[in-house]
Amino acid sequence: MQLYCPVCDKEYPLDTADLSCPESNEKGAHPLIRKENTSELARVFPTTLTRRWNDNKLSFSVFREFMGSYQLAAAHGKASWWVERVLALSNACERMTGRGFIRTPEIQADDLAQAIDLPKGSLFVKNETLQLMGSHKSRHLASAIMHLETLREISGEPAERKTLAIFSCGNAALGAAAIAGAAGYQLFAFVPDHVDNNVVSILTNLGTNVVKVSRDDSVGQGDPCNLRYQEALKKFGWLPFTSYGHDIWSTVEGAETLEYEFLFNQYLVDAPLDVQVVQVGGGGLANAVSCANALFKRLDIIRKLPRFYTCQTTSCYPLAQSYFLILKEMGKNGVVTLPPELAMLLEADFDAKTLLENNLGQIKMTAGLIAEMYPKIHDDFKAVFKKVGENRNDYFKAWTANVPESIAEGILDDTTYDGLEVVRNMMISGGLPLIVNEDELKKAYELAKKHTGVDVSATGSAGLAGLRQLIKNKLVLQGERCGILFTGVDERKCDLPIVQNRVFTLNSSDNISKLVE
């Protein structure tokens, strides 16, 4: 296993100290991705994986060979140390929070299926609300810590643990706080100034420094929390600790375990998914899920890729805008012949929401054509994405239309940080970006709670709103199995007082140095 930059077409060893490609520049980040040896991974399927699965091992342990940090540890004779360290980290989290890492259940949601006009046996829900800190985000951050800890372990003389930083509207910061605290790292979490006080209380009592950042009604410049976070990384030399491969490659493989669980369980019961919908903010989860799908397809654990759809809100849909910018590039480069009307619309100053509402038939047909032709157009397809990657910021721009607001606050990222990888995997599978309004998000939230009993948030149930839109537009075929993720628990309560000396406030005019004075 190696690391690979698809933009520079360069390989890097797993023990590189770089968390993203060192040739990233002002035109955009160059994320590193794993380049697996599929024949090596195939040796553990199905016998070894099934044995570990039936022994109820932690997912990081079940799928250890799929993780770069384990492969790095094993190459240095530290395989047993790695397995023990994962278990120790989970146990430390349990002591701190009452819960460690768990394998979350899949629900065959027959009542919910019938409520949204699907037959019984056709809807499966992965319940991540039961995960450490109530969301999938803990998986991302656990794998990032394991990578950092593995680098320290193989160095022979472990260096002092560096300070970590994250930007988040809540769930990611909570996951980061638990993981960082359990592993002995100091963490600064950059959050919106209107963040819920229960979240601030939990964070500060876990030892995290909370930095409240004011938006000051700015729009079009990007997420203010991300901007101040980036400033702090440069100023203080802190390490990024987010859920985005855009920042740190190893964070992706942790969340891939979520999808490995989902797909492997479906493999065991012989009920492969045909359709999957994932809600998107910054794109870290969608990146991980779609990458896991692609890897399981290469390993023949699944026979075909599920059509992969993403879901955003009408208040903020930068990923859909980016999808159509790249589709336009596909047409211009002759990779696919676009319908004339669609091609003409893409040459104008288009709006993704309007395109999807008025041209869905043409868009669906084009998406299906790309997926069908992909094996034949692979090289040209790759060339377009290399070009897009070289000019990433031109295709993945900050949202400019309005200050985003939604009941599903967790999917309001100004930019889809891992969007390039998500769009690529959507296109390969034949999926599309979906945009749903507030009424649809509220209805999905109500249906999810009523028909599953899961204490899921509006953000966590947003993928259901996307699935309902697919059904409404007849994009789910008779007999197809659908998969969605409930990714975050609803309201949190904390009776402990906020640790005030761990709370900072940054207005747009404040000097970042106040954080360390």
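This is a predicted model: local features need pLDDT of at least 70, side-chain atom pairs count only at pLDDT 80 or more; totals for chains, interfaces and linings use all residues.
The accessible surface of this chain comes to about 20,300 Å², and carbon and sulfur atoms account for 46% of that area. Of the 517 residues in the chain, 61% are buried.

Let me turn to the overall build. The chain contains 20 helices and 14 strands. Its radius of gyration is 22 Å, close to the 24 Å given by the globule rule for 517 residues, so the chain is as compact as a globular protein of that length. Along the principal axes, the C-alpha trace spans about 60 × 55 × 50 Å. As for contacts, if we take those with a separation of 6 or more, 74% are between residues 24 or more positions apart.

Next, the charges. There are 54 positive and 63 negative side chains in the chain. The centres of these two sets lie 3 Å apart.

I come now to the cysteines. How many disulfides does the chain have? The count comes to 0. Consider C5, which is buried, because its relative accessibility is 0%. The closest cysteine sulfur to that of C5 belongs to C21, at 3.7 Å; a disulfide requires the two sulfur atoms to be within 2.5 Å, so this pair is too far apart for a bond. C291 is likewise in no disulfide, and the nearest cysteine sulfur, that of C5, is 14 Å away. C291 counts as partly exposed, with a relative accessibility of 22%.

Let us begin with P46. The peptide bond that leads from F45 to P46 is cis, its omega being near 0 degrees. P46 sits in the loop between helix 1, residues 38–42, and helix 2, residues 47–54.

The other two places are aspartates. D117 is not a glycine, yet it has a positive phi of about 70 degrees. Where does D117 lie? It is in the loop that runs between helix 6 (110–115) and strand 5 (123–127). Is D117 buried or exposed? With a relative accessible area of 66%, D117 is exposed.

D270, again not a glycine, has a positive phi of about 55 degrees. This residue belongs to the loop between helix 11, which covers 250–268, and strand 10, which covers 275–279. D270 also counts as exposed, at 52% relative accessibility; the cut-off for that term is over 50%.

Notes:
Residues are numbered from 1 along each chain as its sequence is written. Side-chain values use heavy atoms; hydrogens and water are left out. Helices (H or I, at least four residues) and strands (E, at least two) are DSSP runs, numbered from the N terminus. The radius of gyration is taken over C-alpha atoms; the globule rule is 2.2 Å times the number of residues to the power 0.38. Buried means under 20% relative accessible area, exposed over 50%, partly exposed in between (1.4 Å probe, protein chains only). Contact means heavy atoms within 4.5 Å. Accessible areas come from the Shrake-Rupley method with a 1.4 Å probe; for residues, only the protein chains shown count as cover. Lys and Arg count as positive and Asp and Glu as negative; His and the chain ends are not counted. The place of a charge is taken as NZ of Lys, CZ of Arg, CG of Asp or CD of Glu.
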